Amino acid sequence: MIKKEMIAMLLAGGQGSRLGVLTSDVAKPAVSFGGKYRIIDFPLSNCINSGVDTVGVLTQYQPLKLNTHIGIGIPWDLDRNIGGVSILPPYEKKNNSEWYTGTANAIYQNLKYMEYYNPEYVLILGGDHIYKMDYEVMLEFHKANNADVTIATIPVPMEEASRFGVVITDEKKRILEFEEKPPKPRSNLASMGIYIFTWKVLREALITLSEQPGCDFGKHIIPYCHERGDRIFAYEYNGYWKDVGTLGSYWESNMELIDLIPEFNLYEEFWKVYTKSDVIPPQYISGDAVIDRALIGEGSEIYGEVHNSVIGCGVYVGPGAVVRDSIIMNGSVIGDRTIVEKGVIAENCVIGTDCELGLGESAPNVEKPNVYCFDLVTVGEDSVVPDKVKIGKNTAISGGTTLDDYPSGVLRAGQNIIKAGDRT
Amino acid sequence: MRAIGIVLAGGNNNKMRELSNKRAIAAMPVAGSYRSIDFALSNMSNSHVQKVAVLTQYNSRSLNEHLSSSKWWDFGRKQGGLFLFNPTITADNSFWYRGTADAIYQNLTFLKNSHEPYVVIASGDCVYKLDYNKVLEYHIAKKADITVVCKKMAPEEDTSRFGLVKLDEDGRIQEFEEKPLATNASMISTGIYIIRRRQLIELLERANEEERYDFVKDILIRYKNVKRIYAYEMDSYWSNISTVESYYQTNMDFLNKGIRDYFFKEYPDVYSKIDDLPPAKFNQGAIAKNSLISSGCIINGVVENSVLFKKVYVGNNVTIKNSIVLNDVHIGDNTYIENCIIESRDTIRANATYVGENGKIKIVVEKNERYAL
């Protein structure tokens, strides 16, 4: 007989459009982070470290890289005889075939998957945060309160609380009220989008609301449970938790890893973060290289200068190149004598020689000022930048660009060249 | 593939000095992120040899730990797999492995229960890449009984620790001398052999009856005029780790771009156990020049012309020159290290100095209490 106390459902289908060209060909959870990791490694590692060995990963948007990365779950010890990791894409049905239209709808479409494992509790996770959390402690809290639903929350500064969905609780942490992005917040406990449901409660709610268009946990399921009078509790998490949903926060949280003793420490023996390692060899630092505060992944070769940057695996930084305050992801090449400042260069890019990225005056992005900001230069996966071009701040490049794309060899601040991926 | 594999990993050599105290040579860390046996195992895997036995004897704890899962080399298969054979006492045998031939003889059932027609025998203490299929094709073309992979050494190299061969025009081995005192031969045996499985069983059974136990002396040399023993000449990089000097040099060879690219970038890859360590971290004041640095390292000081293995902590104001620092070493502040090999899991105190004088490599074994971290 198959029985799992708690299984996890990890929502990994979102595009993450606020990461701009970084997610034009990959789902947000598959975006690289911290040199060798991908964002989804954090919730997956949390699962196995918390003793949750059955994880359904719901995919929808651009799943190729995610599927390749997860495989059968070997890096996280999630290759199990019973349970382990399963990729759950939307599928065609006899009557109403549809995409996943909302977070709860996606879970609803996989009721059979959950039923198969006969769980007591279901843990709902997102794939867009960097954190280390013991879900088992949260489950104990859930059980101790005899709760129907437990929502993980984190205290945020009161002045920032209006950016979040906050919960108002009684002294026993039972939730009395919800407020979504309140102008005048009455509490600073923000929901982290992590829920533990008692399976029977979740199942009943999903079936009842199955006709709800775009059924969403925050908008529909939780309010439904609340109105019904279910016991909903707020579990307070105190630790590092970072949303990497925007280019600015993504860049910032990468930079924080470089601190002498970072708040989010990857070097602790306890609570290891696992990932699929394709590159094994050590990195090579040449005799002329200068490295001043950096994280550098396996197999990279550094001939130039690296200042305050996060460099992935298998990256090549040519002689005379200067990389400053930047993120260079796996397999990218920075040409000789090229300068990169505040660049976010996605995987397998080739940046030509004698280029200048991120220098000069700043100007807001003409197409998406809210996405491409913080003076970053963002280059999407597999892009090519020709030799000797100058690229300004708040710019985005995606695809194989040639010199013809750069009027007189310059991409002015705030301009984009999008030649690949979904042109959105 | 038409062959099974045997990796001889039982050996120890007192020329490895203190480094051999805690592990067999096959478990010696190499090139920052690997262990010596990874090269033979990766070659087996990349040559589609699916069934491989590793014969261990000398202090195999570290080796067993490294081989605790066979998935890293893709041997976790229903067809074939990785077999670890330590010496065991049986009803009719209570000896350790008395030699390389005896080691295989004591596991004769492995050979008898297989159905593949050929056997690739390799040792776990060599660093190289080789497609064993090419050797097998040569073996079949020459209608050889045994094929020995050989390598021509440059005249300046010291060949006294190898077996030397002389060939006729066809490539058949005419003379085979093990560690000769003086020789004019320059072709050495790399310790990699291909032989038909039934032939091997027959030779081993006969050797055992005659109480002969060494593969080189009692099979290759003894049968060289009776059997067709051929040399397959390999011309790519090959290095044998059996002395401190060769171990040091082999690691330093990886600072050479040509050799590094050959192993790290060219197809096929070399595989190793994955340790799940974070990327190397360089803090303020860190300087690295012409060095290999592995995952999990935290660098605060100066590293020059050196190879740092995994999880090395280099304290503030430390200088490391022309040295090899093995896995999981903590080096306290203000320490100076030159021409040394720092043994794994060492804790080096602050303000210490270790220098290998007169070009001699110093091996540092320091098991202090580790307070930091």
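A salt bridge links E301(A) to K265(B), with the closest N and O atoms 2.7 Å apart; the term stands for a side-chain nitrogen of Lys or Arg within 4 Å of a carboxyl oxygen of Asp or Glu. By this rule, four salt bridges are found across the interface of chain A and chain B. This is a predicted model, in which local features need pLDDT of at least 70 and side-chain atom pairs count only at pLDDT 80 or more, while totals for chains, interfaces and linings use all residues. Residues are numbered from 1 along each chain as its sequence is written, chains are lettered from A in the order in which they are written, and side-chain values use heavy atoms, with hydrogens and water left out.

Turning to the interface as a whole, 40 residues of chain A are in contact with 39 residues of chain B, contact being heavy atoms within 4.5 Å. The two chains bury about 3,000 Å² between them, 52% of it on carbon and sulfur atoms; buried area is the accessible area (1.4 Å probe) that two parts lose on being put together, summed over both. In chain A, the residues that lose the most area to chain B are Y267(A), I280(A) and P282(A), together 22% of what that side buries.

Between chain A and chain B, 21 residue pairs are in polar contact, both residues being at pLDDT 80 or more. Such a contact is a pair of N or O atoms within 3.5 Å; within protein, one must be able to donate a hydrogen and the other to accept it, and residues adjacent in sequence count only if both atoms are side-chain atoms. On the side of chain A that touches chain B, strand 14 (283-285) and strand 15 (290-296) of chain A are the elements that give two or more residues. Strand 15 of chain A gives the most, with six residues. Strands here are DSSP runs (E, at least two residues), and helices are runs of H or I of at least four, numbered from the N terminus.

Strand pairing also crosses between the chains. Strand 14 of chain A runs antiparallel to strand 16 (residues 291-293) of chain B, joined by three bridges; strands pair if DSSP finds at least two bridges between them. Within this pairing, Y284(A) has L292(B) as its bridge partner.

Two backbone details complete the picture. Y267(B) and P268(B) are joined by a cis peptide bond, with omega about -5°, and P268(B) sits in the loop between helix 9 (257-264) and strand 14 (280-282) of chain B. F374(A), although not a glycine, has a positive phi of about 60°.
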